[in-house]
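Thanks for coming. Let me put the structure up, and then I will go through its two chains.

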Amino acid sequence: MAEPKIGVFICSCGTNISHVVDTEAVREQALVLPGVETARTYRYMCSNPGQEMIGAAVREHGLDRVVVAACSPRMHERTFRGACRAAGLNPYLFEMANIREQCSWVHADRPAATLKATALTRAAVFRVARNEPLDGLTAEMCPTTLVLGGGIAGLTAALELAEGGYPVVLVERSDRLGGNLARVDLTAPYLDSARDLLTERITRVRRHHNITVMLHSQLKALSGFVGNFTATVQTADGEAPRTIAFRLGNVVVATGYREFDASRITHYGWGKLPNVVTSFEFERMLRSGRIETKDGRPPRYAAIIHCVGSRSREFHGYCSRVCCMTALKYAQEIKSAVPDCYVSDLYIDMHAFGKGCEDFYKRGSEAKTLFLMYGKNEHPVIRRAPPGDDCEMLIEVDEQLSGERIEIPADLVVLMVGMEAREDSAEVAHLVNISQDKDGWFIESHPKLDPVATTTEGIYIAGTCAAPKDIPDTVAQARAAAGRILARIARGRIEIDGVFAEVHEERCSGCRICNELCPYSAIEFDSEKRRSHVIAAACKACGACAAACPSGAVKARHFTSEQVLAQVEGLLS
Amino acid sequence: MSHEPQIVGFLCNWCSYAGADLAGTSRIPYPPNIRVIRVMCSARIEPEFVVEALARGADGVLVCGCHPGDCHYSEGNYKAMRRFPLLKQVLEAYGVENERVRLEWVSASEGQRFAEIVAEMTERLRALGPSRVKAALQADMLER
Amino acid sequence: MAVRVNPKLITELAKYGADDVQNCYHCGNCSATCPFSKEPFVIPRRSMRYLQMGLEKSLRGDLEPWLCYYCGECSEQCPRGAEPGETMMSLRRWLTSRYDFTGLAGLFYRSTRAEIAALVLVALLTAAGLLAYGYIWGGGDLSAFDGGEGRRPFLPASAIHVFDWALGLGFLAVLLVNVARMWHFTMRSRRSPRVSAAAYLKHAVLLPVHFFSQKRWAECKETTPWKMHLGLMLGYVTMLVLVMFFLEPLQHGPGIRWEVHAFGYLATAGLLAGTIYALRGRLRKSRSSHRHSHGTDWVFLGLLLAVVATGVVLHLTHRLGYGTAANVTYLVHMMAVVPWLARYPFTKWSHLVYRPLAMYFAALQSEALTSRVRGQEQPAALARAA
Amino acid sequence: MRVGVYLGQVRGSSVIDLDAVANYARNLADVELVRVLGLRPKLDPHRIRDEIREARLERLVLAGDSPGYFKPAFTNALAAAHGNPEEVRLASFREHGATDRERLERAKSIVACAVLGVPFPLVAEKEARVVNPATLVIGAGIAGIQTALEIADAGRQVYLVERSPTIGGHMAMFDKTFPTLDCAACILTPKMVAVGDHERIELFTNAEVAEVCGGPGAYTVQIRQRARRVDAEACVSCNVCTDICPISVWSEFDCHLTHRKAIYIPFPQAVPNAYMVDPEACTWVTSGGKKCGACLKKCPKDCIHLEEEDRTVDLDVGSIVLATGYELFDARRVERYGYGRLPNVLTSLEFERMTNASGPTGGRIVLKTKKLDKRSKQEDWVIEPSGPAPQSVAIIHCVGSRDANYNPYCSRVCCMYSLKFAHLVREKLPQAACHEFYIDMRAFGKGYEEFMERIKAEGTRVVRGRTAQVTTENGRMVVKGEDILHDRLVEIPVDMVILAVGVVAASGTQELARQLMVPRDEDGWFSELNYNGDPTLTERGGVYVAGMCQGPKDIPDTVAQASAVAAGVLHGIASGRGSGDLSALSLNEIETRARELRASQLASS
């Protein structure tokens, strides 16, 4: 490679740098370094005149590499790369030496600071000499989106995308749309109609020309990368079962949850005691207008037990988030259907955190619901009442707020069964290559930065498949996922920054260490060639693979070993 | 005058380098003995980098990454964490004192912490005196 | 052994006034605010809890309601408008009805109508009885009030005196039975520790002290109610003593013993002041303790006012020498006095016995407990275990 | 289909005139029977059943503010009368925005839809309009930033207006975030920088919305841009001006724990990263240019322009995003906790600053100490990094929340950040005792429950029972409360009390609501179009709500909602659908649409 022509530009940032660092000395030191054609100082490199100075120097000296010693690259790297591009240089043939934040602003000793600044500049010069011109890639973005799951989350996401003007394929495993919400009558805390909500969504989805609904169908395989996936779906919708494959750009996973199996808690006697029902069974009673015991009598005493399977050591540690409000809803509904029925509500902590929820809790109290608090990790025991008692069952529990061991009369007991990850969640996670937490919920790429994206580019999660959620939060999350996708599609092609890893096939031994290592599964293994290769579009350039590759076949562009080692040399020589 | 140790720092771009910058913006002074190299993630740091630094005369090497759980690449810092003990074993074999090579977690808001770490490490290395492994390592490097 | 909750009790208690208690979500704010809340007596949250859950036995054994003087602090700070103060008041009413073996208390509290009917009946009987006496055994001359000009009074003091004593002792008997029941419920409850006879004697002095002073009430933030009540209270006692022991001179003029009348005036003043204060408060609903008024409260104040007023008029007419008017007023006065006394064992009035007793019992219990669990954790919890 | 209409109210103040609606319903086709039940009626299922039998009703419509409260009674009755229990329809005024007297027409149309058995939102679909592709985002906290970035990343123009001198909102003040305890700065600052130099985002800090005119799809918004008096482009934050400035006042960003100069930058990573002049404090400004002006002479880039005036900017936008966030409840109102009276009673936000590594104490938890203030020449409680560390700390939940005397609602985030505080205290001061007083521990989110267990295990004492008062006994603070679960009263001496203060809608919310004609709920937050179905839209065409300003929310929920808004805006621009005003639809329009929809449904089934 021809001897590089390097220009070094040292900023004194007003006096911010120069009051501690002898910029002139730094300049002189830089001038003698190999490949350095010119070295200059200026008051404000970042200002327009400063940037023009760089351009002029490039033209005058035919520079092919530029070093700016100034503030932190996190502040102005973008700016100076722009300047280089403007001067006709590849922006990656540029380096910054941070002599402000990490030198002049933290050191008082002028000689020492100057020495350090010189070293930092030298390191940058050595490195830039080994920098390579890089070009970003662009890949095409297929506008079709695959939505997995036809619950409220899936329906909402699909609609949002379709109305944004892009095609959507909605794949639902069961034979109807609506998911778990379709089993619910009213919603807490305002007792609005769940059915109206679903009817509205489903009607819109059904009649929207951009949406293809596939019932009785499931995803069998997903290959490719963001913007360019290929999905294989097996469907029994309509005529004979068949598999179809189609291209798509993004996936929204909205597979939802399943309810906890109440029979796992034996002392609740669900399945044995006739009048112990789960929340979903009770919803059915509500919808059919039969709030009564199995022998057709209206209950005199009803009891509702919270946290069935949730917040407990032996079952699920987490809170299922919606049960408290649903329980309060049941209390109201029982009072409405059977006005003279006494309702007891056994809870641990009353999670009434949402909009209108605290008020709903108070209404529960005003309706004379008897709230009884039991301890976490201890369970009420339900048993048949002795004959001649005025109730069917007795619930025995240590009541926390009175400190008494009490027994509660009950003719009807409703178990607030919690949410848990669906039995097929592991399978789905594997198919779309996202990870699950210890409870089986899908993991978002970052709970706050990016709560709907996953570590796999182009795969988004929405609703209760990520964690328990109420309807408003689910709807919001579904829209969020759609929003992220809309934004990406709108940009058309996906730009990929020039900085990513690449595998030298001839050096690759096919050991596949890097495959496992990559948090973004951006490294695929080509089983014919027995070689790994990087999907640039998916790579986020952390460089973990490069560091781990035993045969040094992986190259982290712009952070190659040569470049880093050159920096080390520069710092220490 | 007493020996002035030279420290090479490898800082991850997202937390630690930002933390070091914050020390600057909040004008928290620390000894000038450290010179920093920025990498995208602590997982990028190869043992070779550290060895090279020591071989070229660094008296100490400081590796910083995001706090466990904070990694921008979700778990790069864990990889670094796992890699580090092995590296130390190797270096010990060369007779590199334990204090010379350190792995620390510094978040983007911990300018103060970064300054303290550097100050404290500089002190230790001063006490330790110049690194004696330079020659040995260089010889070894040449072989490779 | 588990205790059975009774969700019905709370509806029952509503008749006694407590209709907000279900709003309580047990933040514990009230108990920490109440100046009387000292272990083992955590006031008022625990009683409220028992009430919500309908643990009648525990509630019946509680002394807490009697330890509350309804300063209203708790109700003002309550985040959920559960009116702890009012709940304690209602509990006192309910307890009174539990202590009362006749069941009349319960009846009166549950229905003000029933109470008024009963009172009217008593009043009429009194009137009939006195008239009959006056015409048959008495002087028979309605214009003769005192023994002036050697005429025999229509209603001779001696007779009334006997009548008073008979009446008084009768009600006292009833009250004593109720007191016995109170003792049984509270001092023999699951929560109560056993107390030695010696201890009973040792602290006996507390009874008169609390009876006359209600000194703990003075610990409340606002002390006016206490002062007013004290006036009322002393008024009663003085009047009672005068009537029971000095009826003759009281009825027949200062000519006989002027100092009796001096006391009479003082007592009347105290009574008037107290009554008017109470009435104003309840009408204006100024203090939270006066915001809610149970039917019985009005009846009580009404009667009280009637008694005092007729008493005053009686005195005036007598002094001015209108014999007939005096006698008529006297009749009316008695028609108020007798029912008023008659309510004594069954209604609010009885608190002047129950309260000092509760203070006394509370002192005994906490001493018994602290001596038992000295240096140990959680006395209240232990109390429950006892 | 024979329909019976029942009207009932559950809220005390009946806002809609039920009789008027009843009279309207009587004239609807199919309606056989109309009954006004009134306020919280006592319902007798048997009577209703017989009524249904007599009138041979096949469908029941329950109308009112929240008719769901009566539904089970009627479902039962209908079932008992051998009708189809699925045929009980709700006409909820509250749900569909018939929330005040003026909305009578809306209430009628809601009933009309229910009688025909078609969902109101499906019928009352906002009309499509051409939408100006530019968007205005009001408020640049995490919600506003997220929304702005996503819309801009999709290549659409965004105007981001922020009242304070820097973007970032409350989150920029935090140190760590629950439950992962990762640093707020690591999450937020990159986003802030991204906003700062995004070519599609025009940023107005130190600015407010003055006036809104125009309508859905084409709003014209006037922005009042307060003078910064420093050229943000040219300024390189070299700090010279601040060093020379003689005036120092309390720092808002540090919650009045430290001082700042009259020319200042709120915090090192502020965006825009430039200094600004506080006109109230600056001597030059207050003296009308007669006094001081030291910074002018010193500034090496001459980018200080003290004479700069406020100006107004007019923006044409198609969509408006409300992300105005929240303010803290004023803890002074709860006098018994002594905030403002006792020096070491802190609000949650003050503690956030204190524990923040880049905060006034560099992250040290210290007590305030009495110091003689040089300027005012009087003793003052000040906070210094060298201050003494507390031996015992109390954290009090629900300050101003869940309380009929203040805010009835739950602020949703306090429980978790209190647990976070407890962790920070135990971590930074292992020898210090930490007591936490709560009513219900609301750890509902992903990983929250586990977090709570962890904190308990770390040795924080959690007491179920709200503190009644904070008093002082011989110089030391004492918190008094009931430990309900252990059935005892506790009086704990502490050195520091942290109040988990609730949140309230940001000041100016009311004015903004008036300007934009967006309704607010009884607690003062902006009302969403539909609680379940459309949590990010509003009545008003093209006006969206994101984050806390719609109701208390934690960061993950806020970010999700912000992205959701972006989706709405983007598809609004793309399709124009649903960008009209809901209130623009007339009753007859809705009636006809409903009938058409009914017909098409019958046809398809």
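What percentage of the 573 residues of chain A count as buried? Of those residues, 61% do, where buried is 20 or more other C-beta atoms within 10 Å of the residue's own, exposed is 12 or fewer, partly exposed is in between, and C-beta atoms are placed from the backbone.

Some bookkeeping. This is a predicted model, in which local features need pLDDT of at least 70 and side-chain atom pairs count only at pLDDT 80 or more, while totals for chains, interfaces and linings use all residues. Residues are numbered from 1 along each chain as its sequence is written, and chains are lettered from A and ligands numbered from 1 in the order in which they are written.

Chain A, then. It has 15 helices and 30 strands; helices (H or I, at least four residues) and strands (E, at least two) are DSSP runs, numbered from the N terminus. The radius of gyration of chain A, over C-alpha atoms, is 32 Å, whereas a compact globule of 573 residues would have one near 25 Å. The globule rule is 2.2 Å times the number of residues to the power 0.38. Along the principal axes, the C-alpha trace of chain A spans about 105 × 60 × 45 Å.

Now chain B. Its elements run β-α-β-α-β-α-β-α-α from the N terminus on. Its radius of gyration is 15 Å, close to the 15 Å from the globule rule for 144 residues, so chain B is as compact as a globular protein of that length. Buried residues make up 62% of the 144 in chain B.
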